[in-house]
Amino acid sequence: MMDRFLRYSLERGRKIRAVLSSDGKIQNKNLLVTAIDEDGQGFTARLPGRKKDVHIPLGDVLTCAYARGDQGELESL
């Protein structure tokens with residue numbers, strides 16, 4: 001399920017909400033996925049307030065969801 005949200009963010013250019021666990025801390029972050037590793041072990045994302053993208057291992061992601069105000073609807077063509 002997480003893969004679907006990561007691909008959604010990458011393909012549509014939309015932010016998603018992710019719950020991350022790193023260094024024993026659990027954090028909620030809105031992020032925009034900019035690349036997914038070819039081996040599927042992680043992804044690169046832009047976090048709010050940062051100028052550089054960060055690499056996040058897939059093992060650090062507990063769950064993903066649509067960001068606030070996004071229902072995942074497709075734009076009409």
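The structure is a predicted model, in which local features need pLDDT of at least 70 and side-chain atom pairs count only at pLDDT 80 or more, whereas totals for chains, interfaces and linings use all residues. Residues are numbered from 1 along each chain as its sequence is written, and side-chain values use heavy atoms, with hydrogens and water left out.

Phe5 belongs to helix H1 (residues 2-12), whose buried residues are Phe5, Leu6, Tyr8 and Ser9; helices (H or I, at least four residues) and strands (E, at least two) are DSSP runs, numbered from the N terminus. These four residues lie on the same side of H1, because they cover an arc of only 155° around the axis, the arc being that of the directions from the helix axis to the C-beta atoms. On the face of H1 turned away from this buried side are the exposed residues Arg4 and Glu11. The cover over the buried residues of H1 includes strand S1 (16-22), strand S2 (25-36), strand S3 (42-46) and strand S5 (61-66), where contact means heavy atoms within 4.5 Å.

A search of the whole structure finds two aromatic pairs; rings of Phe, Tyr and Trp (its six-membered ring) pair if their centres lie within 6.5 Å, and planes under 30 degrees apart count as stacked, over 60 as edge-to-face and the rest as tilted. The rings of Phe5 and Tyr66 have centres 5.0 Å apart and planes at 75°, so this pair is edge-to-face. It links distant parts of the chain, with Phe5 in helix H1 and Tyr66 in strand S5, 61 residues apart. Tyr66, at 36% relative accessibility, counts as partly exposed. The rings of Tyr8 and Tyr66, with centres 5.4 Å apart and planes at 85°, also form an edge-to-face pair, and since Tyr8 lies in helix H1 and Tyr66 in strand S5, this pair ties together parts that are 58 residues apart in sequence. Tyr8 counts as buried at 11% relative accessibility, and Phe5, Tyr8 and Tyr66 form one aromatic cluster.

Backbone angles complete the description. Just after H1, Gly13 takes a positive phi of about 70°. Most residues other than glycine have a negative phi. Asp23, a residue other than glycine, has a positive phi near 55°; Asp23 is placed in the loop between S1 and S2 and is exposed, with a relative accessible area of 80%.

Methods. Buried < 20%, exposed > 50% of the residue type's maximum accessible area, 1.4 Å probe, protein only.
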